Amino acid sequence: MNATKGNPAVFTEAFGIELGSGAPWQIMLSVRQCGRDYECKICGGDWHIGASALSHWDGKRPQTQCLEVAGHKEKDIAMVAAHKLCSLTHATVSCNAGIHFDHLSAEEIRQVVQTVYTLLNQAHD
């Protein structure tokens with residue numbers, strides 16, 4: 001998603017990316033353009049919204065905030081995605097994240113998070 005406002009081949013009303021990780025986690029990352037801004041969705045396992053981040057460009061850098069449902073742990077994922085996409089586009093970005101798998105070990109949680117970050121890097125490319 002190497003994007004600059006002057007590049008009409010990238011910035012179109014129909015702009016969108018949908019990426020899936022495949023087995024074993026089946027994580028989905030979706031980015032859609034909303035006018036000049038973007039909405040991002042990251043889901044896996046039992047889909048839901050556990051955290052919602054909003055990042056806007058202040059003229060020098062992204063400013064990012066997040067709301068997280070009590071007991072959920074998607075805040076870091078939502079914030080990193082919104083912040084990174086805002087850094088790339090200088091547009092306002094919202095990101096909803098909801099990933100739930102039962103009984104994961106610490107290593108499996110690390111793998112899920114790494115899968116999300118891999119998809120985010122693929123969206124950038």
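Rings of Phe, Tyr and Trp (its six-membered ring) are taken as a pair if their centres lie within 6.5 Å, with planes under 30 degrees apart counted as stacked, over 60 as edge-to-face and the rest as tilted. The structure, a predicted model, holds one such aromatic pair. The centres of the rings of W25 and F101 are 5.3 Å apart and their planes stand at 65 degrees, so the pair is edge-to-face. W25 sits in the loop between β1 (16-20) and β2 (28-34), and F101 in the loop between β6 (93-100) and α2 (106-124), so the pair ties together parts that are 76 residues apart in sequence. Helices (H or I, at least four residues) and strands (E, at least two) are DSSP runs, numbered from the N terminus. On the scale used for burial, buried means under 20% relative accessible area, exposed over 50%, and partly exposed in between (1.4 Å probe, protein chains only). W25 is buried, at 11%, while F101 is partly exposed, at 22%.

Local features need pLDDT of at least 70 and side-chain atom pairs count only at pLDDT 80 or more, whereas totals for chains, interfaces and linings use all residues. Residues are numbered from 1 along each chain as its sequence is written, and side-chain values use heavy atoms, with hydrogens and water left out.

Turning to the overall fold, the protein chain has two helices and six strands, and its elements run β-β-β-β-β-α-β-α from the N terminus on. The strands form an open sheet in the order β1-β2-β3-β6-β4-β5, with mixed pairing; two strands pair if DSSP finds at least two bridges between them. β1 and β5 stand at the edges with a single partner strand each, so one side of each is left without a neighbour in the sheet. On average, neighbouring strands of this sheet are turned by 10 degrees against each other, direction ignored. Such angles run from 0 to 180 degrees between N-to-C directions, with axes fitted as lines to C-alpha atoms, for helices over the stretch in contact.

Within the sheet, β2 and β3 (residues 37-45) pair in the antiparallel sense over seven bridges, and V31 has C40 in β3 as its bridge partner. Helix α1 (residues 75-89) packs on the sheet, touching β2, β3, β4, β5 and β6, and its direction makes about 20 degrees with that of β4. Contact here means heavy atoms within 4.5 Å. Helix α2 lies across β1, β2, β3 and β6 and runs at about 145 degrees to β1.

Strands β4 (residues 51-57) and β5 also pair in the antiparallel sense, over seven bridges, with L67 in β5 as the bridge partner of S52. The two strands form a hairpin with four residues between them, and G59 in the turn has a positive phi of about 105 degrees.

T64 is found in β5 (residues 62-68) and counts as buried at 19% relative accessibility. Its side chain makes polar contacts with the side chains of S55, at 2.7 Å, and H83, at 2.8 Å. A polar contact is a pair of N or O atoms within 3.5 Å; within protein, one must be able to donate a hydrogen and the other to accept it, and residues adjacent in sequence count only if both atoms are side-chain atoms. Leaving aside residues up to four places away in sequence, T64 touches L54, S55, M79, A82 and H83.
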